[in-house]
Amino acid sequence: MTNSPLSRRHLLYGAAAGAGAMVLGGGLTACGSSDSGSSSNTLTYWDWYVTQAPWVDGEFARYQKTHPGVTVEKNTQQSAKYADLVGLANRGGDTPDVFMVPQAPTIAEQVAKGWLLPLDKWATAQWQSRFPEGTFLEGANVFGGKVYSAPLKGSAPQYQLYIHNGVFRSAGLTNPDGTVKVPNTWDEVTSAAETITKKSGGKSYGLGFGSADGFGILAWWLDLFVRGAGAPGGAQIGAATGMDYRTGKWTYATDRAYTDFLELLVEWKKRGLFHPNAISLSDEAARAFFERGKFGMTVGGVWNQPEWQQHKFNDYSLVTLPSPQAEPKAYYYKDPVGTAAFAAVSAKTDKPDLAWQWFDALTAPAAGRRWVQAHNGVSVYPENNSPDGIDYKPFATFVGMTRSVLPGPVPVVRNPYLATVAPSTPKPDIGDVVTGIYTGQIKDVQGALSSLADKKHHILSDAVAAVARSGAKVSVSDYAFPDWNPALPYTTKKA
């Protein structure tokens, strides 16, 4: 059963305190205060889950009941520091037994460095069969025929347009039956933003965000709005992301959808439809401003919902893929590579059987069902993703958006050797460019987009060439799927 399939942001980007640890059955301890090898019945586990911590803690409690006498010490780090800390632990030899797989270096590089334990002793064909067909993929969570990780999450639209119902009602943006008139097209978003800004008397703005943290948040706006306009590459930040797989290139400067939306973005700003402090606000502050009705619309992901729910703010709606026309011309696409690796067992663990048991519990169908029920996201197990029975309407709407995610091209399925291609991330990246255009620091929009597209292509070409020199059969043409129609599901065939 070994074959198959960013995020990006795994919630709160360090909005919470850096590290926290919990030992089941042993009370609270300070981070790093215990030695992972001090007890044969103690497992150490690292992640960067902050808002999702209650789900992890609940899984701890269930694991404890079925494994009496075993304790699990949890260490939660800020996501911005997590990769560095895992690298440092591996270099120093003091690694956790089980840990969430960091996004950098790539999982292929982590396997090559000997950080991850192959799981084939336990991850049998029967065990793999509990997952959807195609879950285990060479180059994503399988390397050299050996399984190293498994997924937790399924694919859903990464970004959504959030609508403050109270602000819309105050502006008279309602249907005859009293429901909020949710905008689905670029023109409808513009019209709603104008109405809110004019009618609020300065109390609210149509649109808002917070970019002071440097997350490239305006890239989220670009990504969300250009896909429906027919640009399937979107605008995700990263080394090999945002590519249009029809051509295997970045089309920022050649696909009109990008310049059309960027012109609209600047026009929204010139007309005063954005909250004036957007550039200086943090993302966390922007969430609070939206909650308090300081602006009527913002772009974000499902990670917003737990905090708002904790604050008992439920009066909002959401929509994805707002497009120039009624129906999107491109969509979000299933990300089998990005979702394939959730956690791993350390190659240095001295308790591999216990570590596997905890790993197995975290990736079980029942744990995935509870992941959805806790409103954290969608599960890799499709049967867990029905919006029916979810009592929190905004999250039920998000779960229903999985229908806006289509199977798309997956280069590593066609050529598994691409898993070893590790291009660096350019700086500035697309988020920096969009911010520069918004603030007016970048005047030559077309030139900036063209320069970035060329830079990404050169970086990728160099990375591919480096792998080819090692003897692997790889080419930049492996990223091109000229037969792909972005409006239809696509099945990637092996080379």
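**View 1. Arg 246 and its salt-bridge partner Asp 255.** Arg 246 counts as partly exposed at 28% relative accessibility, a class lying between buried (under 20% relative accessible area) and exposed (over 50%), with a 1.4 Å probe and protein chains only. Its side chain meets that of Asp 255 in a salt bridge of 3.9 Å, N to O; the term requires a side-chain nitrogen of Lys or Arg within 4 Å of a carboxyl oxygen of Asp or Glu. Asp 255 is buried, at 16%. A word on the model: it is predicted, so local features need pLDDT of at least 70 and side-chain atom pairs pLDDT 80 or more, while totals for chains, interfaces and linings use all residues. Residues are numbered from 1 along each chain as its sequence is written, and side-chain values use heavy atoms, leaving out hydrogens and water.

**View 2. Glu 59 and Arg 370, a salt bridge at 2.7 Å, N to O.** Glu 59 is buried, with a relative accessible area of 4%.

**View 3. Ser 317 in strand β11 (residues 316-319).** Ser 317 is buried, at 18% relative accessible area. Its side chain makes a polar contact of 2.8 Å with the side chain of Asn 165; such a contact is a pair of N or O atoms within 3.5 Å, where within protein one must be able to donate a hydrogen and the other to accept it, and residues adjacent in sequence count only if both atoms are side-chain atoms.

Definitions and conventions. Helix = DSSP H or I, 4+ residues; strand = E, 2+ residues; numbered from the N terminus.
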